[in-house]
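Reader: I would like to learn how to read the features of a protein model, taking them one at a time. Could we go through a case together?

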Amino acid sequence: MKRKRSGTFCHECINPLHSSWSESNDSNTGLYTLDKLPTFVLSILKDFGYTGQESHRAKKTTRKICSICLKKIREINVQRNGDSKDHTYLSSCSSSRNDTSKGLGLQRENQDDNTEKQPVFVPLKPADEQSKDNRIYKIQKVKHSYSAEDAINVLKQLSSDELGLVAQFLGERECENVNKDISDLKSAAYDLNYTANLDLESWVNDRNKVVVGLLKGLAHTRSNCNAPTDLYRVAKNVEQIYSLTNPYVVLPLSFSENVIIYSIVQSKLTANVYGLTSPGGSYWTVRNWLKGLSMDPLPTPRGDCLVAFDNDQVIGKSYNVRENNKVKTSIVTSVCVAEVDPDGKLQNESSLRPSCWERSLTSSKALCILDQKHVCNEHFCSVADLKLKNALQEKIELIKGQQICSTCDNEQISDDIDVLLKDEKMKKQWKVCSHCDTQNLKSKRNCDNCKKSLKVSSSKLSSSETTTTKVTHAQKVRVTEILFDGTQGEAYSLKPQNKETETKGESVSPRDPIFVNPNSFETVKTVLISIGKDFCIRGYTENPTREWLSVICDGLPYTLALKVIAKTFHCNSCNTAVFGEDEFKQHCKNNHHTAEKDVVYQKEFGWVHLRIGYGHMEMNMVRSFFSLNWEIVLKDLALSMGFRSEIAQKYALKGSDHHKSWELLNIFYHGTMSELLLPYIRKCMKSATEPTSQGYLNWSKSVTDPNYQYMQEQVLRYAQAIINFREGIRNNNWSLIKTGLFKFAPLFHARNHPKYQQIELREAINEMILPEPLHKFVRENQSLVKKGKMEDMDFH
């Protein structure tokens, strides 16, 4: 750079602060052309008040700066870029440049408003070693001389880049404090009680103040953040920021979310992905925590209770063809318990053990179930007749209100179904002209009356041919409610009528699962032994609390358990359980060298009071009824209801969805009963007599049509029995349940249902030999409340 010397040319320097910078050294100063210097020189000069407008004498000369000012400007530039540890010289300029001076951190001595003084430069100490940028050093020094409000005012004047450096400094400063807070939260993430009783507001307030303050500042539109959703968002973001400090940390809220998500989707990949994007832990962290929850045994239920078990089986799919290709199967037996009487002592009485009262069964008592004149059978028959007559009378009143006499012929009676059938027949044979309402044959193209085209005519009947009114909206709604919603009549009410049973079932709770499939004698033994240990039955624990227990299960485990209970013997001499009579004799001979009669033994499972699950019983009753009447009537009904394909027909026949099967049964029941009653009702209307349910039953005996007799038996006996059975379950009504099963039993025995034939006989025998206290206990606990409706234990 070319250097010019011309004596003392200090007055030609364009720096406004030249006089104060060169007080002690005005000589030997060179001038440098500003246009040939770096751009930062002009930028700093403008910060010090240079406006770019020279005096009149210097207008035609080149802009120059002396070497003293240039040296100091270079020092200021190096200090601004953070590469200098020398003293920083800051200045304040004239009153017109106060804002700029404040932005640079300049300080001015006390002076009067009317007196202009030269700026005084105050050297500041260098920044500490951790601060690489002197602007951060200035903000750090503010705390010692200014309040928080003054610091905020300074921060407001900084640019986004400068604020980013400040935020980075705060993050580095608080990193250690965040790690200390994380160490306090590590153990809390796995504490179930801590998470369940967590107060979000206090939890957020206990976290790092800088992090929480930043998040609340970002949510400035909701500065209070008192809403639960806002508090949860702030808490979640606190955990996300904490995870930046320690990527492997597991924190309470994120871990709870991961556990909930895994419990819903059961996906290892989902748990791992969530754990990688939040401090929620990995798949194995969740699995190990869940496994640890089951280490403590569940407390034994109090008082008298009911226990039910059922298997949940998931069969996988195999998409490859290979030798010995076995499909993986997931099997678990679920167990649940209902404390029907927490203060009850009935199950503590040893005299009520089934092994005691089952000895009273004799052949004569067993044959009583076939006697129709037995007191139990007579009671069931009277209840069934009463329910049938009530249902018939209700249907008679409904059908009678739908019948309308023709205006032209008093002997002609029709209803809405007749009108619909007539319309369908008319559409198949005739066309109605849309211009003149003339009926024309289906083959006609033009109207015989007006000669206009019938192509655009709508199929409708003449008003003169319509003798009855159309189906009203109210009638449609009424029929739909009866067929589908099941809200008409007490037989289809989902709410229990007995107020004492409305609260039962609220205490139903799951127990530890058993990882076997109860489809064999050995696995059923495993299930019963597990239940005996869990409920502290005598013989399975040192401190027994029960002598017997009611166990409810499905059909297959029921039949297997009957044999296990009857043929499993416990040898008191060697404390060994042996299954099978021949095996027990062999055990006595080999181990005790004596005959069976000389060994003291008892039944291993003599404490089990076995009961069938009525939910599964109802499903099998519907399936049996469908298989009997499928080809006769139900196949066409399913076809009209939308089950058209072969697979859909098999789906309906098999009863895979019990809800759909129940709707089909209701449609058949109500529709067929209406058609059976219609001839009798119209006969009574023509003869001006009042139709009654008893009158119909007497009239139907004179009908000789075999089709009518068959349909009457299917509807009034078997379909009505299923309806009564379901009503009994929904109302915890022992009498209706047994009545439905009693009336439906012939269908089980006439068809191929070996398991339920045995179950029906066993349940009927138990009704006759149960001790009175146990019989009362069974009658009062046929079903329990579940989600506002009554269900048996096997559906809980």
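Predicted model: local features only at pLDDT ≥ 70, side-chain atom pairs only at ≥ 80, totals over all residues.

Reader: How many helices and strands does the chain have?

Author: Helices (H or I, at least four residues) and strands (E, at least two) are DSSP runs, numbered from the N terminus. By that reading, the chain has 30 helices and 18 strands.

Reader: Which residues have the most contacts inside the largest nonpolar core?

Author: A nonpolar core is a set of buried Ala, Val, Leu, Ile, Met, Phe, Trp, Tyr and Cys residues joined through side-chain atoms within 4.5 Å. The largest one has 81 residues, and Phe625 and Tyr696 have the most contacts inside it. Helix H25 gives the most to this core, with 13 residues. Apart from it lies another core of 20 residues, among them Val41, Ile44, Leu70 and Ile73.

Reader: What does Phe625 touch, leaving out residues up to four places away in sequence?

Author: Contact means heavy atoms within 4.5 Å. With those sequence neighbours not counted, Phe625 touches several residues, including Leu665, Phe668, Tyr718 and Phe744.

Reader: Where is Ser674 found, and which backbone oxygen lies 2.8 Å from a polar atom of its side chain?

Author: Ser674 is found in helix H25, which covers residues 658-686. The backbone oxygen is that of His670. Not counting residues up to four places away in sequence, Ser674 also touches Lys395 and Ile399.

Reader: Is Ala188 buried or exposed, and what is it in contact with beyond its neighbours within four places in sequence?

Author: Ala188, in the loop between helix H7 (160-185) and H8, counts as buried because its relative accessibility is 9%. Leaving those neighbours aside, Ala188 is in contact with Tyr194, Thr195 and Pro252. Ala188 and Leu251 are 63 residues apart in sequence, yet their C-alpha atoms are 7.6 Å apart in space.

Reader: What is the phi of Gln266, and what is that of Asp437?

Author: Most residues other than glycine have a negative phi. Gln266, however, has a positive phi near 55 degrees, and Asp437 has a positive phi of about 60 degrees. Gln266 has its place in the loop between helix H12 (252-265) and helix H13 (268-277), and is exposed, with a relative accessible area of 52%. Asp437 lies in the loop between strand E9 (430-432) and strand E10 (439-441), and is partly exposed at 36%.

Note on methods. Residues numbered from 1 in each chain as written. Heavy atoms only, no water. Polar contact = N/O pair within 3.5 Å; in protein donor to acceptor, adjacent residues only side chain to side chain. Buried < 20%, exposed > 50% of the residue type's maximum accessible area, 1.4 Å probe, protein only.
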